[in-house]
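Please open your viewer and get ready to select residues as we go.

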Amino acid sequence: MSDAMTLLLAARDRVLTLSEQRVLLPALPQLTSPPVITAMDLPSLISVNPSIAHPLLAALLSSCAANRQDPVVYLEALKHLPPILPSFDLIGRLLRDPTTVPDMTTGGKTTIADLVRTEVLGWFLHDCITWLDRAEDLERAGETSDDRFAKGVQNVCDFIRANIAKR
């Protein structure tokens, strides 16, 4: 278990090898009850190791009730992810996740997909558009010479087309 814990903590800073991921993934439920990482660790972990982000978030959200934690702390971190492919991939996967979790509002049950759709999606898209506005301003002012604005717009459009426009 300590090897998996070490790997999870390392996943915030470096890309895990496939063999390290194979060790870590089965241990995620034990590492989320109580949680080894905080919501502040999520953005770096998601951008560095996107392949473990979905199982990690699913385990964290599923274990919130057992840990007497409000899932809002993790949902808040998701709202403010940057408009990069790993963020869109994670949010898209979570929007399709049928895992049942306690609904803190009603006391009943809901799914991770419904929780993310109602609590995260709007804020996430709002923050992406705000980020794009700033990137466009920097580009117009000549302060950047990369294609972050164009790529960001493409990513947002692709995400909306794949996850929202179908509904």
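Here is a short tour, stop by stop.

**Before we set off**

You are looking at a predicted model, in which local features need pLDDT of at least 70 and side-chain atom pairs count only at pLDDT 80 or more, while totals for chains, interfaces and linings use all residues. Residues are numbered from 1 along each chain as its sequence is written, and side-chain values use heavy atoms, with hydrogens and water left out.

**Stop 1: helix α8**

Select residues 112-119, which form helix α8. (Helices are DSSP runs of H or I with at least four residues, strands are runs of E with at least two, and both are numbered from the N terminus.) Now colour I112, A113, L115 and V116: these are buried, meaning under 20% relative accessible area, where exposed is over 50% and partly exposed lies in between, with a 1.4 Å probe and protein chains only. Look down the axis of α8: its buried residues fall within an arc of 165°, so they line one face of the helix. That arc is taken from the directions from the helix axis to the C-beta atoms.

What covers these buried residues? Show α5 (50-63), α6 (72-79), α7 (85-95) and α9 (121-140), plus the strands β1 (100-102) and β2 (109-111), which are among the covering elements. Contact here means heavy atoms within 4.5 Å.

The term means a side-chain nitrogen of Lys or Arg within 4 Å of a carboxyl oxygen of Asp or Glu. D114 and R117 are three residues apart in α8, so about one helical turn separates them.

**Stop 2: α5 against α7**

Two packed helices are described by the angle between their axes and the distance between the axes. For α5 and α7, the angle is about 35° and the axes are 10 Å apart. (Axes are lines fitted to C-alpha atoms, for helices over the stretch in contact, and angles run from 0 to 180 degrees between N-to-C directions.) Select P50, A53, H54 and L57 of α5 with P86, L90, R93 and L94 of α7 to see the contact.

**Stop 3: two further salt bridges**

How many salt bridges does a search of the whole structure find? There are eight. Go to E20 and R14, which meet at 2.8 Å, N to O. E20 is buried at 18% relative accessible area, whereas R14 is partly exposed at 35%. Finish at R161 and D158, joined by a salt bridge of 2.8 Å, N to O. R161 is exposed, at 53%, and D158 is partly exposed, at 34%.
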